[in-house]
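User: I have a model open and would like to learn how to read it. Could we go through it one feature at a time?

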Amino acid sequence: MIKTDVLILGGGLAGLSAAYHLNQGGRLGSLVLEKNPRPGGLAGSINHEGFVFDHTGHLLHLHDSYGEKLVMELLAGNVASHQRKSWIYLAGRYARYPFQANTYGLPDRVIEECVLGFLKTIHRPPKRGLGSDPSFKDWCLRQFGEGICRHFMFPYNEKLWRMPLAKLTTQWQGRFIPRPKTSEVLRGALMEQKELFGYNAAFRYPVRGGIQALPDALAARLEAGQFLAGHAVVSVDLRERVAVARGVGEISYKRLVNTVPLPQFLDLASPLPASVLEARRKLRWNTVYCLNLGVGRPDVSEKHWIYFPEKKYPFYRVGFYNNFSKLAAPKGASSLYIELSRKPGERIDLKRMENAILRGLRGSGLLKSSDKIIAKLWTPIPCAYVVYDFDRTRAVEAIFAHLKRMGADSIGRYGAWKYSFMEEAVLDGKRCAENLGLSA
């Protein structure tokens, strides 16, 4: 039987970061188990027919001084900086992102409805307050007004979340939905303003190797034998503190760190009391189907990504890897990722979906009828977005309280069951390692 101080499930950014920072502390040994043959998890890349495809767009938004310093050291010059070029395609026209501050260029009727609706939220606010825990739908109406909600906020988020917006809380949005000033909304209706709003206004991306370059660099900082790839965990006995992994056998640990999706982890863990099993049943998420395309034409678009709120387009977003790095596609070609959201377990005909995507791309003018598709790769993400409904908070609190009693932490986007980005995953691993070191 293998023995370790800390067993880390999942070799994505959170798990790798936890192991790296435990090594920095020098007090606890750790072992990372990853089911895939390479580190990175969803923050990985696939080389396919001369293209470098990620598991949909993964960009580095660095806001923390330590996180930025570490990421830049890990990439060691293999990184480019970008100012975001993201747009919304609506009514056959393009408007800059975020929509609520950039309606210029859209049909006059749309601009008028959006501006007047927004001004009503200021000059004639509803008499009733939102309360301490409003729905996302009510919050949007109060913040942006009926026009902005009808033309973008509601249709886009309904495409993404695949559930009534009145059932979503506001606990997920934080920095993800910019709230512009009144002057910015008005200016953005009268002229094309180039001020960038939001947490993703600037980003970094590796020049070579796709986003895979980051987890590869982090894994290279670990000790020999500390990272075991290709070994899926099949069971965890929380009471005895023993896990079983394919090809490895039993592993005895003192503390456990989980980074795999929380429902998946709970399904292989025992014993779990009835309260935790009930909480597990209340966890909700959706699945993203990402179609990666290589197109035999350079510069299909100069944009980084485009949002599509209208129902006639099956996808909600299209991005362009070759605009993150020219090395993501062969010379003379472009590389795209196209995202669709579905409820988990929903039956999907990928060929039919692919045809609908291609029709939509041609209908929007992104693809020409003469364009040749030279590479295709589906990268589905079964657990892509954690759904923040009104059951989520109580459910995760009950689950984490039990795990803490059993000597287990659950971190990262999916382990902590939250909506976050890559830098936050790295910082989650750092904080977890520091807390474990303090309790050792």
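Predicted model: local features only at pLDDT ≥ 70, side-chain atom pairs only at ≥ 80, totals over all residues.

User: Which residue other than glycine has a positive phi near 45°?

Analyst: That is Ala-76, with phi near 45°. Ala-76 sits in the loop that runs from helix H2 (65–75) to strand S5 (80–83). Its relative accessible area is 61%, and exposed means over 50%, so Ala-76 is exposed.

User: Next, peptide bonds. Which residues does the cis peptide bond with omega of about 0° join?

Analyst: Again the general idea: most peptide bonds are trans. Here a cis bond links Tyr-97 to Pro-98, with omega about 0°. Pro-98 belongs to the loop between strand S7 (93–96) and H3. The bond from Ser-270 to Pro-271 is also cis, and its omega is near -5°. Pro-271 is in the loop between strand S13 (269–270) and helix H8 (274–281).

User: Now helices. At what angle do the axes of H1 and H12 cross?

Analyst: To read a helix pair, take the distance between the axes, then the angle, then the residues that touch. Helix H1 (residues 13–25) and helix H12 (residues 422–439) have axes that come within 7 Å and cross at roughly 40°. H1 and H12 are therefore oblique to each other. The crossing in which H1 passes H12 is right-handed. On the H1 side, the contact is made by Leu-13, Ala-14, Ser-17, Ala-18, His-21 and Leu-22, and on the H12 side by Met-422, Ala-425, Val-426, Gly-429, Lys-430, Ala-433 and Leu-436. Sorted by class, the residues of this contact of H1 with H12 are 9 nonpolar, 3 polar and 1 charged.

User: How are H3 and H4 oriented to each other, and why?

Analyst: Helix H3 (residues 108–123) packs with H4 at an angle of about 165°, and their axes are 7 Å apart. Angles over 145 degrees count as roughly antiparallel, so H3 and H4 are roughly antiparallel to each other. The crossing of H3 and H4 is right-handed. Among the residues of H3 in this contact are Arg-109, Glu-113 and Phe-118, while H4 contributes residues including Arg-142, Phe-144, Glu-146 and Arg-150. The contact of H3 with H4 has 6 nonpolar, 6 polar and 5 charged residues.

User: Which residues of the largest nonpolar core touch the most other members?

Analyst: To read a core, look at how many residues it has and which of them touch the most others. The largest nonpolar core has 123 residues, and those touching the most other members are Val-236, Leu-238 and Phe-265. Helix H4 (residues 136–161) gives the most to this core, with 12 residues. Not counting residues up to four places away in sequence, Val-236 touches Leu-9, Val-242, Ala-243, Tyr-253, Leu-256, Phe-265, Leu-268, Ala-269 and Ser-270. There is also a second, separate core of 22 residues, including Tyr-289, Val-300, Leu-340 and Leu-366.

User: Is Leu-403 buried or exposed?

Analyst: Buried means under 20% relative accessible area, and Leu-403 has 1%, so Leu-403 is buried. Leu-403 is part of helix H10 (residues 392–405). Beyond its neighbours within four places in sequence, Leu-403 is in contact with Leu-238, Leu-262, Phe-265, Ala-408 and Ser-410. Leu-403 and Leu-266 are 137 residues apart along the chain, and their C-alpha atoms are separated by 9.9 Å.

User: And is Arg-342 buried or exposed?

Analyst: Arg-342 is buried, with a relative accessible area of 14%. Arg-342 is in strand S17 (residues 334–342). Its contacts, leaving aside neighbours within four places in sequence, are Arg-162, Asn-286, Thr-287, Tyr-289, Ile-348 and Met-353. The C-alpha atoms of Arg-342 and Lys-430 are separated by 33 Å, and the two residues are 88 residues apart along the chain.

Technical notes
Residues numbered from 1 in each chain as written. Heavy atoms only, no water. Axes fitted to C-alpha atoms, helices over the stretch in contact; angles between N-to-C directions. Helix = DSSP H or I, 4+ residues; strand = E, 2+ residues; numbered from the N terminus. Parallel < 35°, antiparallel > 145°, perpendicular 65-115°, else oblique. Left-handed = near helix turned anticlockwise from the far one by under 90°. Contact = heavy atoms within 4.5 Å. Nonpolar A, V, L, I, M, F, W, Y, C, P; charged D, E, K, R; others polar. Core = buried A, V, L, I, M, F, W, Y, C linked by side-chain atoms within 4.5 Å. Buried < 20%, exposed > 50% of the residue type's maximum accessible area, 1.4 Å probe, protein only.
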